[in-house]
Amino acid sequence: METMISVEDLSKTFKIQRRSTGFAGAVKNIFHPTYEYKKAVDGISFSIKEGEMVGFIGPNGAGKSTTVKMLSGILHPDGGSINVAGYIPHKQRKEYVANIGVVFGQKSQISWDLSPLDSYEVIKHIYRIPEKLYKDNLERYTELLDMKDFIDRPVRQLSLGQRMRADIAAALLHSPKIVFFDEPTIGIDVVGKDKIRKFIKTLNETDNITMIFTTHDMQDIEQTCQRLIIIDDGKKLYDGSLENVKTDCVSTRIIEAEVENMPSGLDIENTQITHDESTGKLTVMFDTDKISTSDVMTALMSTHSIKDISIKEPGIDSVIRDIYEGRIKVG
Amino acid sequence: MDRYLQFAVIRFKSKTAYRFDYFLGILNSLLSFVVYYSIYKALYGDAQSIDGVSFSMVTTSFLISLGLSSAFHKNEMFLQDKIKQGTIANELLKPVNFKLRMLFEDAGEGAFNVVFNFLPTALIAAFFASISAPSGAVNMLLCIASVILGYIVLWQISFIVQCLSFRLFSVWGLVTIKNVVINILAGAYIPMWFMPEKIRSILRFTPFESIYFMPVQLYLGQLGQWEILFGFLRQIAWIGGLYIIGELCWRSGIKRLVIQGG
């Protein structure tokens, strides 16, 4: 398969004004602003093949969206190079964007005052979509995204989930070869998320569209992508198959317990124990491949009287932190 | 070009969604016409003409200026709002020239304003004020051509000021000052006939005179061939110069773009 997207040592720095607070601070902001520089993307490289579906994951402010915005030609990179389907996005923006579709979960692309259908008509003209392709696509997306009920209602009257689906259809009407989804499931309920995920997966499988999917939601990635790129602090932490991360992280459990008496010399084999003295909270992290949950519980209860206890699977943030700090080795 | 026309059409359509706005708009235009009309009626008193300018020439000039200011629509907060809210990201994803798209959207709203605001106002005004008739078909065509050139000049100045929002984030103050200055220099408030000769001789080299005043003069048939030719050449030269400045501002702005809000 051909390489569709190649990114080499990409970086982007933002200049941010540091605002002082209070009245004196406000005066200072006007006459003597201070700035700091934040490296949003710091030397990322990767390449994606045609038809691949890649999940970008990372905490807020990790640089996912900035990367996607550079890939879609909106932002100019400070360093490094991007090549997507033979185009340099920020230099050939007008020609390039006719080949891609982008969905921003936080920014709607369709007109607030008009119905999705009206907006689609405009898109048809802007992208010069042939009548037949337009009709076929519209029919197909209306069906797949279940939009019949609201396609002719003004967008301002739609629910967030409906608007998101209308937005996704809008980004795909011109049958782009490459699609970027930037947090398309943000703020959407479980049913809505499921519809969107299924649609994206279907599209990737049947149309061989190359896709990048950014999210905070591990579920999104699990249900759609085979490959995963983890980004934190502007750097790439992991790039590889989803399976690897899953097998390594799925076995990790965390027990949080509130204990009455102070634990003294507590040491259970194959676990990591931290204790917060001020709240009396005890955190035990372990790997279920090495020690079973019931063994840990028994060990805990034999030495402590427990007021409250909960068992957690680590969230994506802690998985990333673990990868970052080398506690979990992947790839 | 058809894809850009779409932006004009869509703007025109979505303006029709707010009916109350539309009636108030007519009332607003009518009021400002009546105010100017009354002031100059008092100034003229019984006199037929002042400095060779008749009262009906002045009212016609006001009416045309009124029409032009509604036709010369510029959404001056467009770029600022898009940058502030980060929705400029969506705009940049459209496979179109950003500037042309902006221009056509504004022109669409301008067309709406002329059809639904200026024409009704002019019809009502013609009942109580004496308005001069156009001075001939050729002059009318030249008048329309000069209106279009004037619009492009005005629009490009607005675009350049808007481009400052890449650095300043808020350009409202600048836009307001700019508009007052242009309106005075272009004779939208005081007809050029009454400007001191010294100021007029300087203004002759700026593009402002042709924006509001040249269409009025063409409409009234007051210009000779050479004056018309000079006027048009001056506008075209200014359009070229402003285009270059606008492109430079846009390119340097887009490089430092920050998308707000994730």
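## A quick tour of two chains

Let's start with a sheet in chain A: six strands make an open sheet in the order E5-E6-E7-E3-E8-E9, with mixed pairing. This is a predicted model, so local features need pLDDT of at least 70 and side-chain atom pairs count only at pLDDT 80 or more, while totals for chains, interfaces and linings use all residues. Residues are numbered from 1 along each chain as its sequence is written, and chains are lettered from A and ligands numbered from 1 in the order in which they are written. The helices (H or I, at least four residues) and strands (E, at least two) are DSSP runs, numbered from the N terminus.

- Strands in a sheet pair through backbone hydrogen bonds, and they do it either parallel or antiparallel.
- Two strands count as paired if DSSP finds at least two bridges between them.
- At the edges sit strand E5 (100–104) and strand E9 (235–241) of chain A, each pairing on one side only.
- From one strand to the next, the twist averages 15°.
- Strand E6 (residues 178–182) of chain A runs parallel to strand E7 (residues 210–215) of chain A, and five bridges join them.
- Look for A:Val179, which stands opposite A:Met211 in E7(A).

**The four-stranded sheet of chain A**

- Another open sheet has four strands in the order E11-E12-E10-E13 (chain A), and its pairing is antiparallel.
- Its edge strands are strand E11 (271–276) and strand E13 (306–312) of chain A.
- Strand E10 (residues 252–259) of chain A is joined to E13(A) by six bridges, and the two run antiparallel.
- Here A:Glu256 stands opposite A:Ser310 in E13(A).

**Domains of chain A**

- Chain A splits into domain 1 (50–247) and domain 2 (251–324), with bounds that come from an automatic or database domain assignment.
- The C-alpha centres of these two domains of chain A lie 39 Å apart.

**Helix packing in chain B**

- Helix H2 (residues 19–44) of chain B packs against helix H6 (residues 98–128) of chain B at an angle of about 45°, with axes 9 Å apart.
- That angle makes H2(B) oblique to H6(B); angles under 35 degrees count as roughly parallel, over 145 as roughly antiparallel, 65 to 115 as roughly perpendicular and the rest as oblique.
- Axes are lines fitted to C-alpha atoms, for helices over the stretch in contact, and angles run from 0 to 180 degrees between N-to-C directions.
- Among the H2(B) residues that meet H6(B) are B:Tyr22 and B:Leu30, and the H6(B) residues include B:Phe116 and B:Ile124.
- The axes of H2(B) and helix H3 (residues 55–71) of chain B come within 10 Å and cross at roughly 155°.
- This makes H2(B) roughly antiparallel to H3(B).
- B:Tyr36 and B:Tyr40 are among the H2(B) residues here, meeting H3(B) residues that include B:Phe62 and B:Leu66.

**Where the chains meet**

- In all, 25 residues of chain A are in contact with 23 residues of chain B, where contact means that the C-beta atoms, placed from the backbone, lie within 7 Å.
- Helix H2 (64–71), helix H3 (93–96), E5 and helix H4 (116–126) of chain A each give two or more residues to the side that touches chain B.
- H4(A) gives the most to that side, with three residues.
- By class, the chain A side that touches chain B has eleven nonpolar, eight polar and six charged residues; Ala, Val, Leu, Ile, Met, Phe, Trp, Tyr, Cys and Pro count as nonpolar, Asp, Glu, Lys and Arg as charged, and the others, Gly among them, as polar.

Methods
Two residues are in contact if their C-beta atoms, placed from the backbone, lie within 7 Å.
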